[in-house]
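Subject: Structure handover

Hello,

Here is the structure for you to look over.

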Protein chains: 2
Amino acid sequence: MSSNLVKIGICGLGTVGSGTFNVLNRNAQSINARAQAELEVIHIGARRDNPDCDIGEIRVSRDIFDVARDPEVQILVELIGGTSVAKELVEEALRNGKHVVTANKALVAEFGNELFALAEQNNVVIRYEAAVAGGIPIIKALREGLAGNRIEWLAGIINGTGNFILSEMREKGRDFADVLTEAQELGYAEADPTFDVEGIDAAHKLVILASLAFGMPLQFSSVYTEGITRLTTQDVEYAEELGYRIKHLGVAKHSADGVELRVHPTLIPEGRLLANVNGVKNAVLVEGDAVGPTLYYGAGAGAEPTASAIVADIVDLARELSAGQSCRVPALGVATADLKALPVLPMEQVVTPWYLRIIAEDKPGVLSSIASIFSDHGISMEALIQKPPAEGETRVPLIVLTSRASQGSMDVAVATIEALESISGEVARIRVEALDG
Amino acid sequence: MSSNLVKIGICGLGTVGSGTFNVLNRNAQSINARAQAELEVIHIGARRDNPDCDIGEIRVSRDIFDVARDPEVQILVELIGGTSVAKELVEEALRNGKHVVTANKALVAEFGNELFALAEQNNVVIRYEAAVAGGIPIIKALREGLAGNRIEWLAGIINGTGNFILSEMREKGRDFADVLTEAQELGYAEADPTFDVEGIDAAHKLVILASLAFGMPLQFSSVYTEGITRLTTQDVEYAEELGYRIKHLGVAKHSADGVELRVHPTLIPEGRLLANVNGVKNAVLVEGDAVGPTLYYGAGAGAEPTASAIVADIVDLARELSAGQSCRVPALGVATADLKALPVLPMEQVVTPWYLRIIAEDKPGVLSSIASIFSDHGISMEALIQKPPAEGETRVPLIVLTSRASQGSMDVAVATIEALESISGEVARIRVEALDG
């Protein structure tokens, strides 16, 4: 084994920071053999100690910027989170010629373009395997493992909290608010769950995956983001009757007209592997022109799964550092100059089949009015469930699966349906993805 | 984009060879951007031309060794298959300082140890992503993506032909021989299907995965290999009644006593993702101490999926060649000197739950005799199905799921049961894997 030393600084010693430290220690022997170097954490930046890890005599700075300025540190691991101080810290580290490993999806999604360029200028790289889908090596798969492919689309369950909530709603018939409270008690959801349930966290991850897959700059502000807060157990059940499950997906597609970037609840056929990814687990399905579909599944969060991804990044960098080489794999797989700014398709033009729930008066002619409105807009009904009215109720839910239609056409058709006298309230609608290429 | 040229030789221009050539051509622009080099196939070794690819003016040699001796070639892609000529070819290429990319699982599994050592001596590497699970980047995941983990076990559906046969048997109630004939007509199975249905192909792949996962030399001759030829549709149906599916798995486990290396039909709980991998698809489930379970799914064979893996290997090598660097990632993730020769556990000591089918006379006392034999050997019955006898028949099948028991204990218990007067013929038995860590 090489006795080359690679010196690491860790900023942030919370759950993930201590998990990373502990994995590096526990598996030091095999990690060093793989890195062909001895990895040593020489400097930790943390506002306070963490009783979950025994850092011994390692130098600790309360000012994390001391780590970024430490001339000995070769790899800085940023685990403080957020996008303000973290961004300054990463910039300082890059300017000082240090490679950076981060688990910070918001930082990469929102500021990746400038940070990657800054890294390139300083002949170092930023690695962020842990920023998407936790311990699943999906970044490496897209950046390297599928390098021969033109990626056509990808779809992922990339927020564990949301998937836990949807899994519980389906399996136990519980409603959204009820499950969210439990998720918060279990520590799966934050006190402010907005990032998770409104899809912002998933959007951060999606935009990173899309840039890697399609070789384009990060365009976080262009992601369409729809949360799961308005989903009802009724919709979950009706979807099931139709042979579908509802998942909160991030979807990126590359077509001749542009790129689709969207996060939203989605009906997927129950036989698909993605439909069977339950609880807090994550999975990403990728369609490449040569390889066809491949899927990657595992823990999307947690101290040690995240640490697994961070350590893999460190080992990659250490292999090259110990040989005195510069890193040959840019952050997005290609050099910044080779990225292509592909246009993001407006949602009006995005075409999918749809699930609709329409509350209608139970009387003759209603269904034919609805059918003729769809027909006027070139939309056909592929499946229909009509339930008998409940005792004393004159209205019934009509559940419709439609053919593929653009959101633009569907907007008009739905508005026309909602204007019918026999229809109550808003039509609920959810996109459908067949996920079959 | 860099204008560094990386020069490639391809030996073998059959299905995979022409697929590789075509993918390299079709996606040249993005592949070159990722490689940060211009990849150029400069020399092809093939006994005959292939009308499926237009190689233009590229030099062709009928003697494939001309490619291994071509001083211009930097990466030799071995796609001729087999283990005699292919081995000599790879040795010649390595001795001449060329990196080698191969899809040849038999070659790697049976001769990898010496070939990897020879590569190391010549300061080049052998890459073989395409040798296991086709286009799924599972080699890279184990070698790099999970580098921080101690891998505890892995289990894979790594032979598409076998999985196609088992999927058809389950979905359509067809018997083995019938489906095999269809698989041969569809081109999924060879005229001589031995390698696939007897598990030899899966054993080749398993031993490669195990060596990567556990950091040990390849031990192909130590893999226990049991095929699917004796499976009956009855067993498939009974398994289903018990909530299981039968899959042909390769399983590698690392325990305190040694390593288990085994390929055999296996009952797995129907809710597991692996149980839902159907048709010719492959999937590998890996349990790491930090990351927990991760799963990798995709096409396990076919021209372009295999080409996808080959091109990924080429891009990895080209990134370093174009920068004049030597490759920093050894074939098995660690240097040959760092591999550990772990003992392979004899099958008698391998412990799993079991599925048993016992044909017994339908009379009082039989079940209690069987139960007491199990009890004598410390085995308990976890589930039992007893069917009424068919019209005019006095014997009934007893289907038993047992607790965990070593093969040694089970051998003795089964022999004792078979010796009972009320039992007919041999007891059919299949291992069970819960796949939950």
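The notes below go from the whole assembly down to single residues.

Please keep in mind that this is a predicted model.

The two chains

Chain A can be laid on chain B by a rotation of 180 degrees with 0.0 Å of shift along the axis, at an RMSD of 0.1 Å. This is the relation of a two-fold axis. Both copies use the same surface for their contact, since 100% of the contact residues of chain A recur in chain B. If you want a residue to look for at the axis, take Tyr296(A): of the residues of chain A, its C-alpha comes closest, at 2.5 Å.

Domains of chain A

Chain A is divided into three parts: domain 1 (5-135 + 303-338), domain 2 (144-298) and domain 3 (348-432). Taken over C-alpha atoms, the centres of domain 1 and domain 3 of chain A are separated by 51 Å.

UniProt, in an unreviewed entry, lists residues 355-435 of chain A as "domain: ACT". That span is 28% helix and 41% strand, and its end C-alpha atoms lie 15 Å apart.

Helix 13 of chain A

Helix 13 covers residues 366-376 of chain A. Which of its residues are buried? They are Val366(A), Ile370(A), Ile373(A) and Phe374(A). Seen down the axis of helix 13, these buried residues fall within an arc of 100 degrees, so they line one face of the helix. An α-helix has 3.6 residues a turn, so residues three or four places apart point the same way.

The buried residues of helix 13 pack against strand 14 (354-361), strand 15 (381-386), strand 16 (395-402), helix 14 (407-418) and strand 18 (423-432) of chain A. On the face turned away from the buried side, helix 13 carries the exposed residues Ser375(A) and Asp376(A). Gly378(A) follows the helix, and its phi is positive, near 75 degrees.

Glu226(A)

Where is Glu226(A) found? The residue sits in the loop between strand 8 (224-225) and helix 11 (233-241) of chain A. Its side chain is joined to that of Tyr224(A) by a polar contact of 2.5 Å. Leaving out residues up to four places away in sequence, Glu226(A) touches Glu198(A), His248(A), Val263(A), His264(A), Pro265(A) and Arg431(A).

Regards

Definitions and conventions. Residues numbered from 1 in each chain as written. Chains lettered and ligands numbered in written order. Predicted model: local features only at pLDDT ≥ 70, side-chain atom pairs only at ≥ 80, totals over all residues. Heavy atoms only, no water. Least-squares fit on C-alpha atoms with pLDDT ≥ 70 in both. Contact = heavy atoms within 4.5 Å. Domains from an automatic or database assignment. Buried < 20%, exposed > 50% of the residue type's maximum accessible area, 1.4 Å probe, protein only. Helix = DSSP H or I, 4+ residues; strand = E, 2+ residues; numbered from the N terminus. Arc of directions from axis to C-beta. Polar contact = N/O pair within 3.5 Å; in protein donor to acceptor, adjacent residues only side chain to side chain. UniProt positions renumbered as here; feature names shortened; annotations may be inferred.
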